[in-house]
Each structure stands twice: as C-alpha cells, then as structure tokens.
Amino acid sequence: MSPGLRERKREQTRRHLTQVAMALFVERGFDAVTVAEVAEAAEVAVNTVYNHFPAKEDLVLPPREASPRRLAAIVAARPAGVSAARAVLDHLREEVRRREPAVGLSEGFAPVFLMMRAAPTLTARLEELGRQMSAELAAELEREHPADPLGARIAAWQLGALHALVYTEIGARVAAGQPPERIAAGVLALLEAAERTLGGPLLGYAVRKDDPSCSV
C-alpha cells in the first residue's frame with residue numbers, strides 16, 4: 001500500500017470514528033459512553049480507537065484541529081503590514097462570515113455544544129486549550145520581539161482573552177437557541193466593538209515588516 005493511500009485510509013477511519021462517537025455522545029452524553037461502546041458501534045477494535053485518539057476527549061477535540069497553536073499560527077502567517085491583533089480579528093471575522101465549524105457556527109452544532117458543556121472533562125480541556133493558545137502566541141510574539149518580552153506576553157494574553165470572549169458569546173447564543181445567522185451577526189458586532197475598545201497600542205503592536213511567504 002502506497003503512503004498516500006495509507007494516509008487516506010487513516011483519515012477515513014478517523015472521520016468514521018469521530019462521526020460514530022459524536023452521534024453517541026450527543027444522544028447519550030459524553031460521560032455515559034465508553035470508548036469500548038464507540039469501537040463496537042464503529043465495528044472496529046478498541047485498540048483501533050486508541051491508535052487514532054489516545055484519549056476519549058480527543059474524539060471531540062482532536063489535537064490536530066483543536067490546536068494550541070491556533071492563534072500563534074494565525075499571527076505567524078500574517079502578511080507584511082499587518083499587526084498581530086489585526087490578523088486575529090480579520091481571521092475571526094472570516095471564520096464567522098463563512099460559518100466555519102472552528103467557531104461553532106455550522107448547522108447542527110447546538111446539540112454538540114450542549115453535550116460538550118455538560119461534560120466537565122471537555123470544559124476543562126477547552127479552558128486548558130485557551131491557556132495554551134495564549135502561551136503559544138506569547139512565545140511566537142517573543143520570538144519576533146525579543147527586546148520586548150513583557151509587551152509580547154501582554155499582547156498575547158489580551159488577544160487570547162478576546163478569542164475566549166468570542167467563544168463565550170457564541171456559546172451563550174447557541175444555548176439560547178439562536179440560529180446561526182443571528183449568532184454570526186452578534187459575534188461580528190462583538191468584534192467591531194472589540195476593535196474600538198482595544199485602541200491603537202494593541203492594534204498597532206507587532207506589525208510584520210517582512211512577508212512570511214518569502215524565503216530569505
């Protein structure tokens with residue numbers, strides 16, 4: 001089997017496992033479903049599940065998708081002339097406008113959100129993920145601005161707090177039963193208000209002077 005075909009089959013297995021697991025979690029609750037039950041419903045061995053998802057929580061929040069590097073990657077990829085805050089704001093706006101699953105605005109997300117909110121281990125994972133995102137972003141900005149480590153950390157944690165606020169807003173609106181269109185409009189308004197409130201110092205911090213897509 002070629003490496004490309006092997007990887008495609010792995011991805012197919014991963015998608016199948018997550019689809020089966022999420023259906024069970026939404027129906028019965030995250031804590032009420034075991035990994036063995038996921039394996040049985042997916043018609044695979046328990047070890048197959050663990051080979052793809054070392055922890056049960058990974059079935060809901062796969063590390064490759066729910067990555068601690070999310071904010072750092074957004075900032076690292078920004079083009080010349082764009083600040084760190086501008087990169088994050090613009091990226092969030094685009095995700096909201098496109099109703100991206102990454103921000104919980106895809107159709108059918110409400111039952112998934114309610115399931116996640118009812119599971120203490122998942123809410124703890126999300127809180128820790130938020131802290132990791134801020135820390136990774138701080139490290140990215142410190143690498144860019146080694147002479148200003150305190151400024152880099154402050155900017156990173158402010159942007160991390162903004163990112164968390166966006167998800168809190170989405171969660172509150174999902175829990176209230178609002179449709180995706182109304183949620184998106186509310187979150188875009190929140191981002192506009194955030195931009196006005198953040199002010200010049202943060203919006204102008206860490207403006208990239210070179211283009212990361214160009215090799216040196």
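Me: Where is Ala 206 found?

Reply: Ala 206 is found in the segment after H9, where a helix is a DSSP run of H or I with at least four residues, a strand is a run of E with at least two, and the numbering starts from the N terminus. This is a predicted model, in which local features need pLDDT of at least 70 and side-chain atom pairs count only at pLDDT 80 or more, while totals for chains, interfaces and linings use all residues. Residues are numbered from 1 along each chain as its sequence is written, and side-chain values use heavy atoms, with hydrogens and water left out.

Me: Why does Ala 206 count as buried?

Reply: Ala 206 is at 5% relative accessibility, and buried means under 20% relative accessible area, exposed means over 50%, and partly exposed lies in between (1.4 Å probe, protein chains only). The value of 5% therefore places Ala 206 among the buried residues. Ala 206 also has a positive phi of about 60 degrees although it is not a glycine. Most residues other than glycine have a negative phi.

Me: What is the phi of Glu 43, and why is Glu 43 called exposed?

Reply: Phi of Glu 43 is near 60 degrees, again a positive value in a residue other than glycine. Glu 43 sits in the loop between H2 and H3, and because its relative accessible area is 74%, which is over the limit for exposed residues, it is called exposed.

Me: Why is Glu 27 counted as exposed, and why is Glu 128 called partly exposed?

Reply: Glu 27, in helix H1, is at 64% relative accessibility and therefore falls in the exposed class. Glu 128, which lies in helix H7, has a relative accessible area of 32%, a value between the two limits, so it is called partly exposed. As for placement, the C-alpha atoms of Glu 128 and Pro 68, 60 residues apart along the chain, are separated by 9.2 Å, and those of Glu 27 and Leu 122, 95 residues apart along the chain, are separated by 16 Å.

Me: Why is His 52 called buried, and which residues does His 52 touch?

Reply: His 52 belongs to helix H3 (residues 46-52), and its relative accessible area of 11% is under the limit for burial, so it is called buried. Not counting residues up to four places away in sequence, His 52 touches Arg 10, Thr 13, Arg 14 and Leu 17, a contact being heavy atoms within 4.5 Å.

Me: How far does helix H5 reach, and against what do its buried residues pack?

Reply: Helix H5 (residues 84-97) has 14 residues and reaches 20 Å from its first C-alpha to its last, close to the 20 Å expected. Its buried residues, among them Ala 84, Leu 89, Arg 93 and Glu 95, pack against H4, H7, H8 and helix H9 (180-203). Just after H5, Arg 99 takes a positive phi of about 55 degrees.

Me: What makes a set of grid points a pocket, and how much space lies in the largest pocket?

Reply: On a 1 Å grid over the protein atoms alone, a pocket is an open set of points with protein on both sides within 12 Å along at least five of seven lines, whereas a cavity is a set where a 1.4 Å probe fits but cannot get out; lining residues have an atom within 4 Å of a point. About 1500 Å³ of space lies in the largest pocket, the volume being the space filled by probe spheres set on points that are joined across faces, edges and corners. Of its 47 lining residues, the closest to the centre are Leu 61, Ala 102, Met 116, Leu 126 and Tyr 167. H8 gives the most to this lining, with ten residues.

Note on methods. Expected span 1.5 Å × (residues − 1).
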